[in-house]
Amino acid sequence: MDFELPDDIKEFCDVTRTIVRDLLPYEVAFQETGVIPPIVRQTLVDNGYFGMALPEAYGGLGLGALAQAAVQIELARLPPQFWTELRPLMGPGAKNIIYHASEEQRAALLPGMATGEIPIAFALTEPNSGSDPGSMRTTAVRNADGWRINGSKTFISNGKKAKYVIVYAYTDKAAGARNGISAFLMPADTPGFSVTGTIELMGTASPGVFELSFDECQVPADALLGEEGQGFRYALEGLNEGRINVGATAVGMGEYALELAIEESKVRPAFGGVISEFQAIRHYLANMATDMRAARLMLLDAAWRYDQGDKSRERAAMAKLFATEAGSRTVDTAVQIFGGNGYCRGFAVERLYRDIRITRIYEGSSEIQRNTIARELLR
C-alpha cells in the first residue's frame, strides 16, 4: 500500500501552497473592507483553478477526485470568500453538466466555466426542504414552448453572480422524488427569475447566500438537463464528490489551525514559561494532530477510491462526517490555546472558527451523513 500522493498531485499542491502563501496577506484588507482584492480571483483564474474539475476537452484541467481534494486542502487556508466561486465548479452542479448535459449544452457552458466567465449556481434547497429535497415545491410544467418553472430556492451560493442556474423541480409530483424531479439549465436573464434576498452568514461566503424566485419562467425544451424525472438521482450522484470536497475544506482548515496553535503555544507566556511546557496543552496538540491525520487519510482514501470507480455513498459520507467533525474540534481547541486572542477579529483562528462551522451542515448535515452510512450498512 502506498499512502503518498502521486508526484503530479504533490507538485500541484506545492504550487498551490505557494500561491496561498502569496495571497494570504490580502486577508487583512479584506477583513477591514469586506472587498476581495481583484488580484485574488485573477490569480485563481490564471492558474487554472476554475477548471480543476472540468474536462480538458473544454479547457479544464480534468483533475480527478483525489487531486481536487488534495488541492482543496491547500486552498482552504485562504478565507473561503477568496475561493467561494470554485465550489459550484467542483460540486454537484458542475458534475451534473459534465455527466448528463447534451453535447450542445456542454459546449455552450464548460469552456466559460473553466475561465470563470460563466458562473453557475446549484439551486436545490428550498425554505421547507433542506435535508429533505423530496419535499420541494418548485414545479416545471411542460407546455408548447418547453417548460414553465415556478417556485423558490434558498441558501444558494453564487446565486447573484450566476449566468446559469441549475434548477431542480418536480415535473411529475405523482411519481415521487426518485422519478418525478427533473433538472434544468436556466439562463439567469430568463424573465420571471429574480434574486429576492441575501442571507448574510457567520462566515464562508461574501456577501452571503441568496434566495431565488421563479415566477412563470419559460425555458425551451432543450433546457432539460439529462433525462426527465432523473434530477433527484443526479443531485445525489453529484453530492458524493461534493461531500468529499467539503471534507477536504475541513481538513485544510483544521490543519492550518493546528499549525497556528503549535506556533502560538511556543511563544505564549504563562507562569514564567510558555504554554507548550504544560501537559494539558501538549495533550491538546496531540489530540488535534491525531484527529487531523486520521481525517486526512480517511478523506484521501475516499477520494482515491472514487477515482477507481468506488462511488459508494457511505465512503463519501464517512469522509465528510469525520473530517468536518475532527476539523471543527481542532479549530475549537486552537481558539482555546490562543485564549482571549483567539476570540478577537484579526486572528486567523477566529476566522477559521466562524468558517468551519458550516461544513457540518451543507452538502448534507452530520446527521444526514450518519443516516446515509447506517442505511448503506443495513442494506
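**Buried residues and cores in a predicted model**

Tutor: The side chain of Glu126 forms a polar contact, at 2.6 Å, with the side chain of Thr138. This is a predicted model, in which local features need pLDDT of at least 70, side-chain atom pairs count only at pLDDT 80 or more, and totals for chains, interfaces and linings use all residues. Residues are numbered from 1 along each chain as its sequence is written, and side-chain values use heavy atoms, with hydrogens and water left out.

Student: What makes the pairing of Glu126 and Thr138 a polar contact?

Tutor: A polar contact is a pair of N or O atoms within 3.5 Å; within protein, one must be able to donate a hydrogen and the other to accept it, and residues adjacent in sequence count only if both atoms are side-chain atoms. The value for Glu126 and Thr138 is 2.6 Å, so the pair falls within that limit.

Student: Why is Glu126 called buried?

Tutor: Buried means under 20% relative accessible area, exposed over 50%, and partly exposed in between (1.4 Å probe, protein chains only). Glu126 has 5%, and is therefore buried.

Student: How do you know that Arg354 is buried?

Tutor: Its relative accessible area is 13%, so Arg354 is buried as well. A polar atom of the Arg354 side chain lies 3.3 Å from the backbone oxygen of Met202.

Student: What makes a set of residues a nonpolar core?

Tutor: Its members are buried Ala, Val, Leu, Ile, Met, Phe, Trp, Tyr and Cys residues joined through side-chain atoms within 4.5 Å. The largest has 91 residues, of which Tyr49, Leu75, Ile97, Met113 and Tyr168 touch the most other members. Apart from it lies another core, of 20 residues, including Ile149 and Phe210.
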